[in-house]
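Please look over the sequence and the model below, and then follow the report, which takes up the sheets, a helix contact, the ligand surroundings and some backbone angles in turn.

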Amino acid sequence: MNYAQSFQAIREKVEAGQRLSFDDGLFLYEPTTPLQEIGELANLVRERINGNAGYYNINTHLNPTNVCVYRCNFCAFRADLRDAKGYLMSDAQIMERGQEAVENGCTEMHIVGGLHHQMDYQWYVNVVRILHDGFPRLHLKAWTGVEINWFEFLTKRSVRDILTELKEAGVGSMPGGGAEIFHPEVRDKICEHKSDAGKWIEIHRTAHDLGLRTNCTMLYGHIEEAYHRIDHLIRLRELQDETGGFQTFIPLAFHPENTGLDYIKKPSSVMDLRTMAISRLMLDNIPHIKAYWIMLGLDVAQTALAYGADDLDGTVRHELIYHDAGATTPQALTVDKIRDVIAETGREPIERDTLYRRVHRDTGNLDRWEIGEELLIGR
Ligand code: SF4
């Protein structure tokens, strides 16, 4: 088959709602496959699933510590205990963040951090419990699969047991971090110590079984090749076939500054948009694809709304992880700014909560809001 025939075969599959294969994914990553044609196909799928919606939320981040036993070589965030930049937040500081979030109208707090060797598992449970008790309306999206695996190591308890306790303490859903690249050819070089693909998937499978929705991610643009990325996407797709528990896939563009991989150039915007579009096409069963503006930059994230993405993440306060790695995006966006960024693309800005329900908000009073019942998926 020549190029035109191959692309036509893929186009026909997408138009008919058929699943793309591993080889189709690889073909789409060929530099000779025109970006705009892939984007057009991804847009078709995006509009089929999410119409003209451009979702965002009002959210904040909390990284209670950056001290970490691991040394993933793509990570600029971690610190050793005695590093000048190492920190551990007190309960009072954590509660201040909760208060600030509520006063600024946040519906969600995204909580991830380092694996602090001096803090026991109950310290991590306590972070969630005090926030949930103090601010019950704030949705806590907490702890990655890597952290859950660390808790397993600390407690010798099962994943199910740990997640059940965390859910009872106030975890409302789980973020998708720690997936990086599943393929051992890459994973063994960038984060050999932390949970492998099988463990990360088992943890998300268990979370889904317990009724916790989760997100999923892929860190691209470092030492991986196209076949590692497609392998990664297909592993996520297979779990989603089984459980249906993933809400959103977030392709994470690698930022090299201050990392052990600082000799690598960060991915181009063409690579960012190609990966966004291919993700939308391969992950036919995951409802949302997010263009995380903190990592992509606002311009690329905005453009990605025409390349398969339907969500820009949120206004985001207190992002540290990618700013430590050289992200030059602002620390936070105003609600008006994120709505303008979406509206400028011709999409309809819709505020959603973490579980993709519409947020009805009194724009004059950010802290007055109600969440609708209806799920904003496939509208
Ligand atoms: S990516 Fe996470 S686990 Fe790895 S070093 Fe950084 S903080 Fe630690």
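Which residues of strand S3 are buried on one side, and which on the other? In this predicted model, strand S3, residues 108-111, is covered on both faces, with Glu108 and His110 buried on one side and Met109 and Ile111 buried on the other.

**The seven-stranded sheet**

Strand S3 belongs to an open sheet of seven strands, whose order is S2-S3-S4-S5-S6-S7-S8 and whose pairing is parallel. The edges of this sheet are formed by S2 and by strand S8 (288-289), each of which pairs on one side only. Helix H5, residues 121-134, packs on the sheet and touches S3, strand S4 (139-142) and strand S5 (171-174), while the direction of H5 makes about 170° with that of S4. At one end of the order, strand S2 (residues 59-62) runs parallel to S3 and is joined to it by four bridges, and within this pair Thr60 stands opposite Met109 of S3. At the other end, strand S7 (residues 246-253) pairs with S8 in the parallel sense over two bridges, and Thr248 has His288 in S8 as its bridge partner.

**The three-stranded sheet**

A further open sheet consists of three strands in the order S9-S1-S10, again with parallel pairing. Strand S9 (311-314) and strand S10 (348-351) stand at its edges with a single partner strand each, so one side of each is left without a neighbour in the sheet. On average, and with direction ignored, neighbouring strands of this sheet are turned by 25° against each other. Strand S1, residues 53-57, pairs with S9 in the parallel sense over two bridges, and the bridge partner of Tyr55 in S9 is Asp311.

Most residues other than glycine have a negative phi.

| Residue | Phi | C-beta neighbours inside 10 Å |
|---|---|---|
| Asp313 | about 70° | 23 |
| Tyr356 | near 60° | 22 |

Asp313 lies in strand S9, whereas Tyr356 is placed in the loop between S10 and strand S11 (357-361). Because a residue counts as buried when 20 or more other C-beta atoms lie within 10 Å of its own, Asp313 with its 23 neighbours is buried, and Tyr356 with its 22 neighbours is buried as well.

**A contact between two helices**

How are helices H1 and H3 oriented to each other? Helix H1 (residues 3-15) and helix H3 (residues 35-50) pack at an angle of about 10°, with their axes 10 Å apart, and they are therefore roughly parallel to each other. On the side of H1 the contact is made by Phe7, Arg11 and Val14, and on the side of H3 by Glu37, Leu41, Leu44 and Val45. By class, this contact of H1 with H3 has five nonpolar, no polar and two charged residues.

**The surroundings of the ligand**

Which residues lie around the ligand? They are Cys68, Tyr70, Arg71, Cys72, Cys75, Phe77, Arg78, Gly114, Leu115, Val146, Cys191 and Lys194. Sorted by class, this shell around the ligand has eight nonpolar, one polar and three charged residues.

Notes
Residues numbered from 1 in each chain as written. Predicted model: local features only at pLDDT ≥ 70, side-chain atom pairs only at ≥ 80, totals over all residues. Near = placed C-beta within 6 Å. Nonpolar A, V, L, I, M, F, W, Y, C, P; charged D, E, K, R; others polar. Axes fitted to C-alpha atoms, helices over the stretch in contact; angles between N-to-C directions. Parallel < 35°, antiparallel > 145°, perpendicular 65-115°, else oblique. Contact = placed C-beta atoms within 7 Å. Pairing = 2+ DSSP bridges. Buried ≥ 20, exposed ≤ 12 C-beta atoms within 10 Å, placed from the backbone.
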